[in-house]
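Visitor: Could we go through this structure together? I would like to begin with the contacts between charged side chains.

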Amino acid sequence: MDAQFTMTAIAATLPSLTALIGILLNNSRLGDLRHHVDSRFNEIDRRFSELDRRMSRMEHSIDVLTGKVVEIDNRLTRVEERLKIN
């Protein structure tokens, strides 16, 4: 009777134990996946930050060049006005 009880107890707990081990393994794999996805998003974020920095520098350069063009236009306007007067 003791052997039969032991076999019944093993038969009843073995599926639960197997399911628990499966859950723990899946949880571990999900943690690995989350770490991988987080690292990829961090890399994308780093690249966008670099792109933002480069775009800011480009916008500054364009602003400087636009200022120079306006300055040259103002000079030419003054020269044209002087030539018309004389």
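Visitor: How many salt bridges does the structure hold?
Guide: The structure holds five salt bridges. Please note that this is a predicted model.

Visitor: With which residue does arginine 29 form a salt bridge?
Guide: Its partner is aspartate 32, and the closest N and O atoms are 3.1 Å apart. Both arginine 29 and aspartate 32 belong to helix α1, where three residues, about one turn of the helix, separate them.

Visitor: Is arginine 29 buried or exposed?
Guide: Arginine 29 counts as exposed because its relative accessibility is 57%, and the cut-off for exposed is over 50%. Aspartate 32 counts as partly exposed, at 42% relative accessibility.

Visitor: And which residue meets arginine 34 in a salt bridge?
Guide: The side chain of arginine 34 meets that of aspartate 38, at 3.8 Å from N to O. These two residues also lie in helix α1, four residues apart, about one turn of the helix. Arginine 34 is exposed, with a relative accessible area of 61%, whereas aspartate 38 is partly exposed, at 35%.

Visitor: What is the N to O distance for arginine 53 and glutamate 50?
Guide: The salt bridge between the side chains of arginine 53 and glutamate 50 has an N to O distance of 2.7 Å. Both residues lie in helix α1 and are three residues apart, about one turn of the helix. Arginine 53 counts as partly exposed at 40% relative accessibility, and glutamate 50 counts as partly exposed at 32%.

Visitor: Turning to the overall fold, how many helices and strands does the chain have?
Guide: The chain has one helix and zero strands. The radius of gyration is 37 Å, well over the 12 Å that the globule rule gives for 86 residues, so the chain is more spread out than a compact globule. Along the principal axes, the C-alpha atoms fill a box of roughly 125 × 15 × 5 Å.

Visitor: What percentage of the residues count as buried, then?
Guide: Of the 86 residues of the chain, 0% count as buried. The accessible surface comes to about 8,500 Å², and carbon and sulfur atoms account for 62% of that.

Visitor: Which residues form the nonpolar patch on the surface?
Guide: The patch is formed by Leu30, Leu33, Val37, Phe41, Ile44, Phe48, Leu51, Met55, Met58 and Ile62, which together have about 960 Å² of accessible area. Valine 37, one of these residues, has its place in helix α1. Valine 37 is partly exposed, with a relative accessible area of 34%.

Visitor: Back to charges: where do Lys68, Arg75, Arg78 and Arg82 gather?
Guide: Those four residues gather on the surface in a patch of positive charge. Arginine 75 is found in helix α1, which covers residues 2–85.

Visitor: How far apart are the mean positions of the positive and negative charges?
Guide: For the 13 positive and 13 negative charges of the chain, the mean positions are 8 Å apart.

Visitor: One last item: how far apart in space are serine 56 and alanine 9?
Guide: The C-alpha atoms of serine 56 and alanine 9 are 70 Å apart, with the two residues 47 apart in sequence. Serine 56 is found in helix α1 and is partly exposed, at a relative accessible area of 44%.

Note on methods: Residues are numbered from 1 along each chain as its sequence is written. This is a predicted model: local features need pLDDT of at least 70, side-chain atom pairs count only at pLDDT 80 or more; totals for chains, interfaces and linings use all residues. Side-chain values use heavy atoms; hydrogens and water are left out. Patches are made of residues with over 30% relative accessible area and no salt bridge: like charges are joined within 9 Å, nonpolar side chains (Val, Leu, Ile, Met, Phe, Trp, Tyr) within 5 Å. Accessible areas come from the Shrake-Rupley method with a 1.4 Å probe; for residues, only the protein chains shown count as cover. Lys and Arg count as positive and Asp and Glu as negative; His and the chain ends are not counted. The place of a charge is taken as NZ of Lys, CZ of Arg, CG of Asp or CD of Glu. Buried means under 20% relative accessible area, exposed over 50%, partly exposed in between (1.4 Å probe, protein chains only). The radius of gyration is taken over C-alpha atoms; the globule rule is 2.2 Å times the number of residues to the power 0.38.
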